[in-house]
Amino acid sequence: MFKRIAALALIILSLTLQACASDTAGLQAYADNIDGYTFMYPNGWAPIKVPGSSDVVFHDLIEETENVSVVVSDITSDTQLTDLGDPTDVARTLLNAVIAPSQSGQEADLLAAASRTEDEKVYYALEYTVDLPIGKRHNLSTVVVRRGKLFTLSLSTPESRWTKVEPVFQRVVDSFSVY
């Protein structure tokens with residue numbers, strides 16, 4: 001009888017631990033039903049208003065410069081993401097035109113660029129660092145085109161925190177989806 005109880009307790013414990021280690025543990029869902037996108041963001045982050053082109057911005061309440069944002073831009077309705085180039089081309093355009101244009105005093109280095117297809121939509125995943133006057137930052141972005149709009153989800157953290165937040169940030173960028 002004791003062996004059965006112990007075995008049952010071990011099964012319950014292992015199922016509980018599996019649930020705690022799920023892909024969404026420590027993350028909350030955000031959905032914009034008007035523009036048609038969703039993503040997960042870390043627990044303990046709060047939305048903030050930022051004037052400009054960001055559709056939504058969340059930041060860490062402790063490390064306030066750590067943030068995730070989504071920018072939605074209009075493009076030609078028949079343009080596909082692959083029409084803009086491969087992941088490296090799109091990353092270089094983003095870095096040179098938006099993140100660190102010439103004479104901005106900022107330098108950006110592309111670390112990785114990859115493509116994934118999900119539900120017949122192509123997503124580009126980008127990883128890069130930016131040297132700013134306030135210090136070096138590590139960033140991840142996901143870019144996708146849907147219904148004549150270019151969606152860009154970006155996460156940013158001080159380089160000194162990158163190794164600590166990398167697994168969570170990877171889950172956030174992987175969770176980004178348009179519909």
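Visitor: What makes R147 stand out in the hairpin of strand 8 and strand 9?

Guide: In this predicted model, R147 takes a positive phi near 50°. The hairpin there has two residues between the strands.

Visitor: How do you know that strand 8 and strand 9 pair?

Guide: Pairing takes at least two bridges between two strands. Strand 8 (residues 135–146) and strand 9 have 10 bridges, in the antiparallel sense, so they count as a pair. As one example, H138 stands opposite T157 in strand 9.

Visitor: And which sense applies to strand 5 and strand 9, parallel or antiparallel?

Guide: Antiparallel, over eight bridges. Here S69 has S154 of strand 9 as its bridge partner.

Visitor: Why is strand 9 called mostly covered?

Guide: A residue is buried when its relative accessible area is under 20%. In strand 9 (residues 149–158), nine of the 10 residues are buried.

Visitor: Why is I75 called partly exposed?

Guide: Buried would need a value under 20%, and exposed one over 50%. I75 has 24% relative accessibility, so it counts as partly exposed. This residue lies in the loop between strand 5 and helix 2 (87–99). Leaving out residues up to four places away in sequence, I75 touches V145, G148, K149 and L150. The C-alpha atoms of I75 and G148 are 5.3 Å apart, although 73 residues separate the two along the chain.

Visitor: What makes strand 4 largely enclosed?

Guide: Five of its seven residues are buried, so the rest of the structure largely encloses strand 4.

Visitor: Which strands does strand 4 pair with?

Guide: Strand 3 (residues 45–48) is one, joined to strand 4 by four bridges and running antiparallel; W45 stands opposite D60 there. Their hairpin has five residues between the strands, and G52 in the turn has a positive phi of about 130°. Strand 5 is another partner, antiparallel over five bridges, with F58 bridged to V68. That hairpin has six residues between its strands.

Visitor: Which residues touch the most other members of the largest nonpolar core?

Guide: Y37, F39, V68, L153, L155 and F176, out of 23 residues. Strand 2, strand 4, strand 5, strand 8, strand 9 and helix 3 each give two or more residues to this core. Helix 3 gives the most, with five.

Visitor: What does Y37 contact?

Guide: Setting aside neighbours within four places in sequence, its contacts include V70, V72, F151 and F176. Apart from this core lies another of 13 residues, among them L94, Y128, V143 and L150.

Notes:
Residues are numbered from 1 along each chain as its sequence is written. This is a predicted model: local features need pLDDT of at least 70, side-chain atom pairs count only at pLDDT 80 or more; totals for chains, interfaces and linings use all residues. Side-chain values use heavy atoms; hydrogens and water are left out. Buried means under 20% relative accessible area, exposed over 50%, partly exposed in between (1.4 Å probe, protein chains only). A nonpolar core is a set of buried Ala, Val, Leu, Ile, Met, Phe, Trp, Tyr and Cys residues joined through side-chain atoms within 4.5 Å. Contact means heavy atoms within 4.5 Å.
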